[in-house]
Amino acid sequence: MADKQTEDSKMEVEVADETVAPTDKTDTEQTEGKTMFRLREALDKTVSKCLEKTSRYNLYAHNYKFAHRSKPKLLKSTIRQLNENLKASVKDEFDQMITEENIVSLCNKLDTVVDETPISENPTPAWRPSGSPDKDLCKHIMLAKLKEKDRLEKELEELEKSSVKIQEAFNARKKHLLESQKNVKERVKRWSEATNILQDSQAIEMQRTMCQMTDLTENQK
């Protein structure tokens, strides 16, 4: 009789706990705003995506062939229990992090700021991802590309100016060399003419000397 009363008392406690749990959950949902709800939703999806591979039976069957052959049901049950424990452990870590960092309060403040922010008469549409990374990043990449284009154009302009200066210096040097070459040719021509005149005068002088010597010889005879 006493055992029966004890079991009834345990059942009443369990029922009371079950009825209290939804109330606590409702209170928690009421204290969490839209941003916190989306954050939890994103975290849940992330955990499910990360643990997706760990729930594949083929992976464990390949690595634990002895268990796959002898007791496949037990292996499936173990895998399911492992994933449940992992998910619960990760969820506890997230809850602890959210509590320690006071994420709920920060998200609620963010909701308040968003709700109290006045909407302009001509609101600009907010950026939203389209699902195509190339298309979404196009505008952001374009800004970087335009900056890079401006930088390259400035460098090109500086190189063109430097090239013009080098060309001008080259032309001036070339002109100087051509003038020097012309002057050298003129001097060589003058030296050639002077040499020819000198040679002609020497030849004339020699002929005159020879004539004089011939005249003296004939006179002496």
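This report walks through a predicted model of one protein chain, from its overall build to a few residues worth a look.

## Ground rules

Because this is a predicted model, local features need pLDDT of at least 70 and side-chain atom pairs count only at pLDDT 80 or more, while totals for chains, interfaces and linings use all residues. Residue numbers start from 1 along each chain as its sequence is written, and side-chain values use heavy atoms, with hydrogens and water left out.

## The overall build

Let's start with the big picture. The chain has seven helices and zero strands. Helices here are DSSP runs of H or I with at least four residues, strands are runs of E with at least two, and numbering goes from the N terminus. Read from that end, the elements go α-α-α-α-α-α-α.

Buried residues make up 8% of the 221 residues in the chain. Here "buried" means under 20% relative accessible area, "exposed" means over 50%, and "partly exposed" is in between, using a 1.4 Å probe and protein chains only. The chain exposes about 20,200 Å², and carbon and sulfur atoms supply 57% of that. Accessible areas come from the Shrake-Rupley method with a 1.4 Å probe, and for residues only the protein chains shown count as cover. As for contacts (heavy atoms within 4.5 Å), take those with a separation of 6 or more: residues 24 or more positions apart account for 58% of them.

## Salt bridges

A salt bridge is a side-chain nitrogen of Lys or Arg within 4 Å of a carboxyl oxygen of Asp or Glu. How many salt bridges does a search of the whole structure find? It finds six. In one of them, arginine 40 pairs with aspartate 95, with the closest N and O atoms 3.1 Å apart. Arginine 40 lies in helix α2 (residues 34–50) and aspartate 95 in helix α5, so the pair ties together parts that are 55 residues apart in sequence. Arginine 40 is partly exposed, with a relative accessible area of 25%.

Glutamate 148 pairs with arginine 151, their closest N and O atoms being 2.4 Å apart. Both residues sit in helix α7, three residues apart, which is about one turn of the helix. Glutamate 148 counts as partly exposed at 33% relative accessibility, and arginine 151 is partly exposed too, at 37%. Lysine 161 forms a salt bridge with glutamate 157, with 3.8 Å between the closest N and O atoms. These two are also both in helix α7, four residues apart, again about one turn. Elsewhere, salt bridges that share partners join Glu32, Arg40, Lys91 and Asp95 into one network.

## Patches on the surface

Patches are made of residues with over 30% relative accessible area and no salt bridge; like charges are joined within 9 Å, and nonpolar side chains (Val, Leu, Ile, Met, Phe, Trp, Tyr) within 5 Å. Lys and Arg count as positive and Asp and Glu as negative, while His and the chain ends are not counted. The place of a charge is taken as NZ of Lys, CZ of Arg, CG of Asp or CD of Glu.

Asp92, Glu93, Glu100 and Glu101 gather in a patch of negative charge. Glutamate 100 belongs to helix α5 (residues 72–100) and counts as exposed, at 56% relative accessibility. There's a nonpolar patch as well: Met142, Leu143 and Leu146 have about 280 Å² of accessible area together. Methionine 142 is found in helix α7 (residues 133–220) and is partly exposed, with a relative accessible area of 40%.

Aspartate 111 is part of helix α6 (residues 103–116). This residue is buried yet has no salt bridge, and the nearest side chain of opposite charge, lysine 34, is 5.8 Å away.

Asparagine 83 lies in helix α5 and counts as buried, at 14% relative accessibility. Leaving aside neighbours within four places in sequence, asparagine 83 is in contact with Leu51, Thr54 and Ser55. The phi of asparagine 102 is near 55°, a positive value in a residue other than glycine. Asparagine 102 is partly exposed, with a relative accessible area of 42%.
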